[in-house]
Amino acid sequence: MERGLAANTLTSYRRDLSRYQQVMTAAGRTEIGEVTSADIASYLAGLREGDADHPPLAASSAGRAMAAVRGLHAFACAQGMTAADPARPVTPPAPPRRLPKAISVAEVERLLDAAGPGPQDDPRGVRDRALLEFLYATGARISEATALDVDGLTLDGLARDGEPAVLLDGKGGKQRIVPLGRYAAAALDAYLVRARPALAAGATRTVPPAVFLNARGGRLTRQGAWAVLRAAAQRANLPQVSPHTLRHSFATHMLDGGADIRVVQELLGHASVTTTQIYTLVTVEKLREVYAAAHPRALG
């Protein structure tokens, strides 16, 4: 809470620490000061191996679980609850370095076309097209899009430059302003004028201020937005699309177009440029592929 972490992160940490507490209690460690480094290393091994109630965790998931454990023990030590931090010597697993999965510009266009607008009397099709246009135009996380309220949009433009923009609430409560392209602005305008009022009419309670509504007039959830993306991907014959695909594609295409990595960092809301630098690997890999296919003396 002191770090201002997102609600979803807190939920994950709470779940991880509940499992950790159960394992330590079963091992006879009823007080946090009784836990040793060997206990924590054994717990980490158990995460990777799995048990009758839990499947084995990948390195990335085990690393997140260990981050919660390390945070707990660091806090306990800082507060004087324990004399030492037994988690510090335990090295968390290093996740494999994977390149983000981005799709080409042509594939993005196929995905967007598959999203809608659909029949003129179906406001959900107009909403779906606006949602995916928005995700690709801003690089927003799905959770940021579903949390967006109407007053966070400035389709008439910012006072200083007249360009449409959106105010996004990112991780850790950090806000950022992201410009909107004309395609996304037009799709959102059509949705807000034509489709959102129709969706809001189906509400049985007070309509939330959310930009994106579900068929019952409530705020569209992350799961609902993911379902929209998955359905459009199936129609476009793009089976590998994930909730982060449009975000990754946004970053990769920006860098391909010559954008400075610091600008992309700001648009994505990354705290460190190191996080953003992984997208440059996508671009380098693309250059290698083009070189290998086109250069007469390239090594196959």
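This is a predicted model: local features need pLDDT of at least 70, side-chain atom pairs count only at pLDDT 80 or more; totals for chains, interfaces and linings use all residues.
The buried residues are T245, L246, R247, H248, S249, F250, A251, T252, H253 and L255. The elements that cover them include helix 4 (105-115), helix 5 (123-138) and strand 3 (175-179), together with helix 8 (222-235), helix 10 (261-268) and helix 12 (278-294). After helix 9 comes G258, a residue whose phi is positive, near 100°.

## Aromatic pairs

A pair of aromatic rings is described by how far apart the centres lie and by the angle between the planes. When the whole structure is searched, 3 aromatic pairs are found. One of them joins Y20 and Y43, whose ring centres are 4.9 Å apart and whose planes make an angle of 70°, an arrangement that counts as edge-to-face because the angle is over 60 degrees. This pair links distant parts of the chain, since Y20 belongs to helix 1 (residues 7-26) and Y43 to helix 2 (residues 37-49), with the two residues 23 residues apart. Both Y20 and Y43 are buried.

Elsewhere, F134, Y191 and F212 are linked into a cluster by ring pairs.

## A charge over a ring

Another kind of contact with a ring involves R230 and W226: the charged end of R230 sits over the ring of W226, at 5.1 Å from the centre of that ring.

Technical notes: Residues are numbered from 1 along each chain as its sequence is written. Side-chain values use heavy atoms; hydrogens and water are left out. Rings of Phe, Tyr and Trp (its six-membered ring) pair if their centres lie within 6.5 Å; planes under 30 degrees apart count as stacked, over 60 as edge-to-face and the rest as tilted. Helices (H or I, at least four residues) and strands (E, at least two) are DSSP runs, numbered from the N terminus. Buried means under 20% relative accessible area, exposed over 50%, partly exposed in between (1.4 Å probe, protein chains only). A charge sits over a ring if NZ of Lys or CZ of Arg is within 6 Å of the ring centre and within 35 degrees of the ring normal. Contact means heavy atoms within 4.5 Å.
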